[in-house]
Number of protein chains: 2
Amino acid sequence: MPPTNPLNQDISLSVIKTACSNCNLRELCLPYGLNLEELERLDDLVSTRRRVKRGDHLYRAGEAFDAIYAIRSGFFKTDVLLEDGRDQVTGFQMAGELLGLDGISTEHHTCNAIALEDSEICAIPFSRLESLSREIHTLQHHFHKVMSREIVRDHGVMMLLGTMRAEERLAAFLLNLSQRFTARGFSHAEFYLRMTREEIGSYLGLKLETVSRAFSRFQEEGHIAVQQKHIRILNVSGLKALMNHRAT
Amino acid sequence: MPPTNPLNQDISLSVIKTACSNCNLRELCLPYGLNLEELERLDDLVSTRRRVKRGDHLYRAGEAFDAIYAIRSGFFKTDVLLEDGRDQVTGFQMAGELLGLDGISTEHHTCNAIALEDSEICAIPFSRLESLSREIHTLQHHFHKVMSREIVRDHGVMMLLGTMRAEERLAAFLLNLSQRFTARGFSHAEFYLRMTREEIGSYLGLKLETVSRAFSRFQEEGHIAVQQKHIRILNVSGLKALMNHRAT
DNA sequence: TTTAGCGGTTGACATGGATCAAGCGAACTC
DNA sequence: GAGTTCGCTTGATCCATGTCAACCGCTAAA
């Protein structure tokens, strides 16, 4: 039932929508571990929500940094560009994950963040986040953990790029996606890829043809079923075995 | 002149030695930007100094995390291990740089830190660092910058591993070392490598033979002079040109 | 329904770097 | 001072992945 005053309705709706305290991602995202009173203080801070259409930039390398972004829904990639035109996808981000941490260092973004599907993000003004985390120990500590986790993730990618074969890389990639979908309550075994073969290749340090061949091979061997961007994982342990195989 | 009481001498010496306020790396390290009073508060915190002999571990993957480490002198590498025995060097660290940031995430170290020469480090208990950075805004902000810088550095390595050829990787590596030595007041053109060809290769995702051949080639082409671990850079712009050459 | 375009698949061939192997020189031990 | 070891260099060969090219099949627009 709409209330008598439609304006109030709008306001309360928008408040509800942008509140961390009300967000079902709060256990994955920045508010992790906060109590109710602390949550409400964080709500004050996370005031801006924005839609980003598929293909649009959330931010570009070189732009001034003043906020980090939490993904409320949707899917992003980040990439870095070299002067000579080469680029590399440095990550794929999904709901509950943070974007923009790279910008703190120089106060300018150092990569591009591009939506791979229509998405919604919450902007978190960074200086206000620092203020609040000076007051809320839990928030401070969790933020540090999130940054550290990003460093650990990057080490994993370095390992992957530095020592793994093409098929190992792709297996690791699929298992990682599967695990992150699971954490968000989706099927661990069946999902749609939001990115092209070329973007996967860029992330994994491979050419798109190599990615495509590896997909076909996994299918032949019964590890997965692929149809375009639709993936079904048929044999998780098979994929895991692929990863740890070579001991060169 | 030694004072009459040799014990006092020892104490004051050790205090002087471990103080950030007295360390000539303070502009590169954690204390960056702090005023005198703040520096003294940081001094209280950085009480433990430790020597790490060449080849020894500062910490190992899996150990409980409770402190980060600032390198006072010396040279380290960090590496990650896969279950199947493969490993990858994730970085080389020199004086003024921090080690252990990866441990914050899980409260356990996720990599090994090994001294490549006899070194000295300052241990900074992490929970106390968090406390202090809740009180000193400048410290908090600078610590965030340092973590972010590590993320940006990792993206650079991902780019290198994902898109560059062997010679480009080595050129980038040499230029990076040169720049970091310069920042520490050493020659930008002449230095000793503290790591083996194999360790360089591991970091760059190459085999030691490939690293060796690339060194030889750089020498033939007059970009550098190599003799074992002694490197002289003869043509900086030549090396830079090597890096941005290919536009595939 | 036809057509255009983009992403994906597959094949043939090329190549950069890995692998295997031999030898060398500097540093360390006895 | 001789012998041993380890790190490095260099050559020959191999192979995983890149490159080039053709074609396929969704999807969307006309």
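Predicted model: local features only at pLDDT ≥ 70, side-chain atom pairs only at ≥ 80, totals over all residues.

I looked up the mean positions of the 30 positive and 32 negative charges of chain A and found them 5 Å apart. Lys and Arg count as positive, Asp and Glu as negative, and His and the chain ends are not counted. Each charge is placed at NZ of Lys, CZ of Arg, CG of Asp or CD of Glu.

Residues are numbered from 1 along each chain as its sequence is written, chains are lettered from A and ligands numbered from 1 in the order written, and side-chain values use heavy atoms, without hydrogens and water.

I found eight helices and 11 strands in chain A, taken as DSSP runs (H or I, at least four residues; E, at least two). Along its principal axes, the C-alpha trace of chain A spans about 60 × 45 × 30 Å. Of its 248 residues, 53% count as buried (under 20% relative accessible area, 1.4 Å probe, protein chains only).

I laid chain A on chain B with an RMSD of 0.0 Å, by a turn of 180° and a shift of 0.0 Å along the axis, superposing by least squares on C-alpha atoms of residues with pLDDT of at least 70 in both. The two copies are therefore related as by a two-fold rotation axis. In chain A, the C-alpha nearest the axis belongs to R134(A), 2.1 Å from it.

Conventions: Buried < 20%, exposed > 50% of the residue type's maximum accessible area, 1.4 Å probe, protein only.
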